[in-house]
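Dear colleague,

Please find below the structure that I am handing over to you.

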Protein chains: 2
Amino acid sequence: MSAITIMNTPLAVPGFLASAASAGLKKNGKKDVALIYAPQGAQISAVFTQSQVVAAPVIVSKEHASDQSASALIMNAGNANACTGEQGMQAALRSCEAAAEALGIATDEVLVASTGVIGVELAVSRIIDSIEPLVGSLSAQGEALEEVARAIMTTDLAVKIASATVEVGEKTYTMTGIAKGSGMMAPNMATVICCVLTDAPLTKEALKAIFGQAIDESLNCMTVDGDTSTNDTAILMSSGLGLYDTRIEDGDPGYSDIEMAITTICVELARAIARDGEGATKLVNVYVSGAATSADARTVALEIGNSPLVKTALFGNDANWGRVAMAAGKAGVAFDQSKMAITFGGIDVCKDGTAVGFDEDEALAALDREEVDVHVDLGAGECCAHIWTCDFSYDYVKINGEYRS
Amino acid sequence: MSAITIMNTPLAVPGFLASAASAGLKKNGKKDVALIYAPQGAQISAVFTQSQVVAAPVIVSKEHASDQSASALIMNAGNANACTGEQGMQAALRSCEAAAEALGIATDEVLVASTGVIGVELAVSRIIDSIEPLVGSLSAQGEALEEVARAIMTTDLAVKIASATVEVGEKTYTMTGIAKGSGMMAPNMATVICCVLTDAPLTKEALKAIFGQAIDESLNCMTVDGDTSTNDTAILMSSGLGLYDTRIEDGDPGYSDIEMAITTICVELARAIARDGEGATKLVNVYVSGAATSADARTVALEIGNSPLVKTALFGNDANWGRVAMAAGKAGVAFDQSKMAITFGGIDVCKDGTAVGFDEDEALAALDREEVDVHVDLGAGECCAHIWTCDFSYDYVKINGEYRS
């Protein structure tokens, strides 16, 4: 009997208000700015891109997040505010200042995250002008979080949101996560704007431990195109210490369930991002087993998940396992090719490193689905990994050959 | 005054005969097997794929090449003979045996190289049956080498061949290189079947040193899709010691010119492979300067050259330099983003890490060419690198979504 309930409907999280508005950054006039506000404050854990080229909002948020506390998060789509130099730094700071002033809190209590085109000056006045409507429409409803998730979409086709509840004794805690994709997606300790809210009264240490683990098992196991963004930002915010007279640390009742719920939400968001990868026609689960170490397994799985030849074959519903063998082989991980086994959609296609006779029509049917599994066993040990990716279609080229113009 | 002449017409190389034939491995009936034979023998240097998944012909050729001598090379397209287990090993060996018997030489004097689909049993009887016509049609003409280059093509659209002559005193030496592309192309110490023939009487030590250097500066600086083949094989063969009463070692007259000619041929082949990358509409030169080390420069250049987002932008003639900055940033190389500069086709688009105003029409015109340059200066040192790649088009997806079926 688990006390965890996972659901796709966006649940409101006690202690958090949210709103979205249009600042005119998206060309189509859709909502493109969003605000999350915790009136009683929040303890947080945040992770950011490991790139050497770091967007201004990442630099500002890193500093504001250093004390693991924040009361607000302002986000925008339509402009990444990356490679924008000193002007970009001022724009990110002024966004925080404007939100802080309107909310009556300190500037370093405001985090900022941006996504969109790189290298274009951010029209910060548009964001500042949108603060008033954002603050004026703050809502405690779950639907407001869905509006936030929709506002930060760029080339995403689907809203990415997941909720869970966890019963701990007589108390029920809630967690809701939102995220955006869907290109420049090979997170390295974070992805472009993922935010998980909860009222579970976790300590700062617990938040850090749980979120580190959750991100490692979810967004860091997902790739769309192997390209890591300049803006990757993932934040876990907890309002609980401001709401309740209790606190939860490692070892306390409910800690494990809360950890599992937050990890599950992050996995759901990672799967949603991969499924909605630019141009994707299917979600691909790559499982690697029989590796000497877990790191080896993940390295091989990501090589397979990032291989253009594997991804185009999956687009073509072609059980071209030789390409999977190629990708595994180039990962720089030691194994004996004569012990390698591969299945596509549960169908054995390679055993002992060589072909297994299989029915091509059956294989095509197994691959012509919205979600497909590729499993490689290296025969080199007991460790395994699971990563999420997508196929590589004409539309990826279309979307990215025409994106900026 | 250089004594080196580079040309695109295929020159015959004294001491080598060549032929091509159809063994029925290509579905369209085109020539698909080829033989190169040095009646007086040859000294060689060979490099092979670094993959853990290694094709049978690579395993066999590695062994036969271990004494740095060989008299013949038999090649086929249409089947890579990779992931084919013990049957594949027997097929590769029997191909060598059949050629050796027909030519009256030892089996370990024959090298073998295959390219094509992975994981399908090789119909070795077809190759054995083609030995007689191959041996019967051996020719000393340059045109025969062009036929060989054509026979090993798979998804290649263009024949890849380059020749050079080097004057050393009163003697003129010749070198002709052939290669094939054009997918699964991110060589790591070699590429799928590249063969350079010369009559320059180089010692084994000289051959190894020159070819190691030449490959490092050419095929190892080229990428089409970041996918490394199971079959990568590059061989330099010299007939000179069997033909002439002289030998050339490091420090001897002509050594440097010969080294430069062989390197130039390998660079020409690498450029030809990138230009003819699957679905490519343009050859892309990625230059990285201002790096702290040469290794850093190459790492950043390859990250840029392998980035799907950069490659699709180039296909769309979009000077989307933010993606170049992103790719540089994720390379794991330290630099200060505020010192980064980027040009597209000679047009400044980013300085001091931020946008430079440029004319979009001018940039589009600079990118809408058969060969374009992307230059990144990291501002972190004095080292640089140059790699060759191509753009990423609808046709890459078409070719690879439909390849095996």
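Two strands are taken to pair if DSSP finds at least two bridges between them. Helices (H or I, at least four residues) and strands (E, at least two) are DSSP runs, numbered from the N terminus. This is a predicted model, in which local features need pLDDT of at least 70 and side-chain atom pairs count only at pLDDT 80 or more, while totals for chains, interfaces and linings use all residues. Residues are numbered from 1 along each chain as its sequence is written, chains are lettered from A and ligands numbered from 1 in the order in which they are written, and side-chain values use heavy atoms, with hydrogens and water left out.

The sheets

Strands of a sheet pair through backbone hydrogen bonds, either parallel or antiparallel. In chain A, 6 strands make up an open sheet with mixed pairing, and their order is β13-β12-β11-β14-β10-β15. At its edges stand β13 (354-355) and β15 (383-390) of chain A, each with a single partner strand, so one side of each is left without a neighbour in the sheet. The partner strand β12 (residues 347-351) of chain A is antiparallel to β13(A), and 2 bridges join them. Within this pairing, Cys350(A) has Ala355(A) of β13(A) as its bridge partner.

In chain B, an open sheet of 6 strands with mixed pairing likewise has the order β13-β12-β11-β14-β10-β15. Its edge strands, β13 (354-355) and β15 (383-390) of chain B, each pair on one side only. Strand β12 (residues 347-351) of chain B runs antiparallel to β13(B), with 2 bridges between them, and Cys350(B) is bridged to Ala355(B) in β13(B).

The relation of the two chains

Helix packing between the chains

Axes are lines fitted to C-alpha atoms, for helices over the stretch in contact, and angles run from 0 to 180 degrees between N-to-C directions. Angles under 35 degrees count as roughly parallel, over 145 as roughly antiparallel, 65 to 115 as roughly perpendicular and the rest as oblique. Contact means heavy atoms within 4.5 Å.

Helix α12 (residues 394-401) of chain A packs against helix α9 (residues 308-315) of chain B at an angle of about 70°, and their axes are 8 Å apart. α12(A) is therefore roughly perpendicular to α9(B). On the side of α12(A), Tyr396(A), Val397(A), Asn400(A) and Gly401(A) take part, and they meet Pro308(B), Leu309(B), Thr312(B), Ala313(B) and Phe315(B) of α9(B). By class, this contact has 6 nonpolar, 3 polar and no charged residues (Ala, Val, Leu, Ile, Met, Phe, Trp, Tyr, Cys and Pro count as nonpolar, Asp, Glu, Lys and Arg as charged, and the others, Gly among them, as polar).

Helix packing within a chain

In chain B, helix α2 (residues 85-103) and helix α3 (residues 124-136) pack with their axes 9 Å apart, at an angle of about 20°. α2(B) and α3(B) are therefore roughly parallel. Residues in the contact include Ala91(B) and Arg94(B) of α2(B), together with Val124(B) and Ile127(B) of α3(B). The contact of α2(B) with α3(B) comprises 10 nonpolar, 1 polar and 1 charged residues.

In chain A, the axes of helix α5 (residues 204-216) and helix α7 (residues 255-275) cross at roughly 40° and come within 9 Å. α5(A) and α7(A) are therefore oblique to each other. Among the residues in contact are Phe211(A) of α5(A) and Tyr255(A) of α7(A).

A loop residue

Arg247(A) lies in the loop between α6 (240-243) and α7 of chain A. Beyond its neighbours within four places in sequence, Arg247(A) contacts Pro201(A), Thr203(A), Leu241(A) and Asp252(A).

Yours sincerely
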